[in-house]
Amino acid sequence: MKVLITGAAGFIGSNILKFLIDKKFEIYAIYNRTKPQKYKKVKYIKSDLKNLKKIPSRLDCIIHSAVKNPENTNKNILLKDNVITSKNIFNLAIKFKAKKIIYFSSIAVYENIDKPLIEEKDLKLEPLTTYAKSKYRGEILLKNITKNTDISTILIRLPTVIGPGSKFNSISIIKKKILSGKKISIFSPDSKYNRIIHIRALNNFIYKTIVSKNKINEVIHLGSSHPIKFKNLILLMFKI
């Protein structure tokens, strides 16, 4: 199977790439400034995704994981680049007859909704932060651009993804503080927490999604199947 991965140098993209190599897929990996780890069986494409003009024809799947993060990007640039990048990738998918698109959004799109039970219809307003807003606009673009096509679309609203090399998330920050002996302050310590998934579990889910022969158009939420009190999660991290 032919798979294209954007953001191949990032934490999620690079881990998926390594996982799919073992599955004997034909992999194309796009990166821009940061060079990914090189593998002999992977075909690399160095390009700014905003200006990308061509991708391989008839891909079985495009995994769009490339994203600019708020930790190291100006807000205006982050919003503009993330939206333009997604729009270009989705249009190229149609032009070059890709069969399936997996787009990584974020559960951050819910940040302006204050309800104990959230329904899809509640997403009427854009999120508050620039990063979440860029992800939400990417969702709208994916739906609109592929609306009248035969492309399967899998929109995944990711929680915190952990594993070796993960960063830019609360769990990684807490881990760093534990290792350096710094004080940790948390709010709502007794609240149940399941907004987390290990990269191994994500890899397995992505693999099953790629090989599925069914026509799929889904919005999917991933997370831990066993919620745990946030304070107990931190105590478990201390123990480990």
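How much space lies in the largest cavity? In this predicted model, the largest cavity holds about 40 Å³ of space. One cavity of 30 Å³ or more is counted. Its lining is formed by His64, Ala66, Val67, Asn82, Thr85, Ser86, Tyr103, Ser134 and Lys135. By residue class, the lining of the largest cavity comprises three nonpolar, five polar and one charged. Two helices, H2 (75-95) and H3 (130-145), each contribute at least two residues to this lining. The largest share, three residues, is supplied by H2.

The helices H2 and H3 also pack against each other, with their axes 9 Å apart and at an angle of about 20 degrees. Because angles under 35 degrees count as roughly parallel, H2 is roughly parallel to H3. The crossing of the two helices is right-handed. On the H2 side, the contact is made by Lys75, Leu78, Leu79, Asn82, Val83, Ser86, Lys87, Phe90, Asn91 and Ile94. On the H3 side, the contact residues are Thr130, Tyr131, Lys133, Ser134, Arg137, Gly138, Leu141, Leu142 and Ile145. The residues of the contact between H2 and H3 divide into nine nonpolar, six polar and four charged. Asn82, Ser86 and Ser134 take part in this contact, and Asn82, Ser86 and Ser134 also line the largest cavity.

The lining of the second largest pocket consists of 12 nonpolar, six polar and one charged. Helix H4 (170-180) and helix H6 (230-239) each provide at least two of the lining residues. The largest share of this lining, five residues, comes from H4.

H4 passes H6 in a right-handed crossing. From H4, the contact involves Ile171, Ile174, Lys175 and Ile178. From H6, Phe230, Leu233, Ile234, Met237 and Phe238 take part. In the contact of H4 with H6, eight residues are nonpolar, none is polar and one is charged.

The crossing of H1 and H5 is right-handed. H1 makes the contact through Phe11, Ile12, Asn15, Ile16, Phe19 and Leu20. The partner residues on H5 are Ile199, Leu202, Asn203, Asn204, Ile206, Tyr207 and Ile210. The contact of H1 with H5 contains 10 nonpolar, three polar and no charged residues.

Definitions and conventions:
Residues are numbered from 1 along each chain as its sequence is written. This is a predicted model: local features need pLDDT of at least 70, side-chain atom pairs count only at pLDDT 80 or more; totals for chains, interfaces and linings use all residues. Side-chain values use heavy atoms; hydrogens and water are left out. On a 1 Å grid over the protein atoms alone, a cavity is a set of points where a 1.4 Å probe fits but cannot get out, and a pocket is an open set with protein on both sides within 12 Å along at least five of seven lines; lining residues have an atom within 4 Å of a point. Grid points are joined across faces, edges and corners, and a volume is the space filled by probe spheres set on the points. Helices (H or I, at least four residues) and strands (E, at least two) are DSSP runs, numbered from the N terminus. Ala, Val, Leu, Ile, Met, Phe, Trp, Tyr, Cys and Pro count as nonpolar, Asp, Glu, Lys and Arg as charged, and the others, Gly among them, as polar. A crossing is left-handed if the near helix is turned anticlockwise from the far one by less than a right angle, and right-handed if clockwise. Contact means heavy atoms within 4.5 Å. Axes are lines fitted to C-alpha atoms, for helices over the stretch in contact, and angles run from 0 to 180 degrees between N-to-C directions. Angles under 35 degrees count as roughly parallel, over 145 as roughly antiparallel, 65 to 115 as roughly perpendicular and the rest as oblique.
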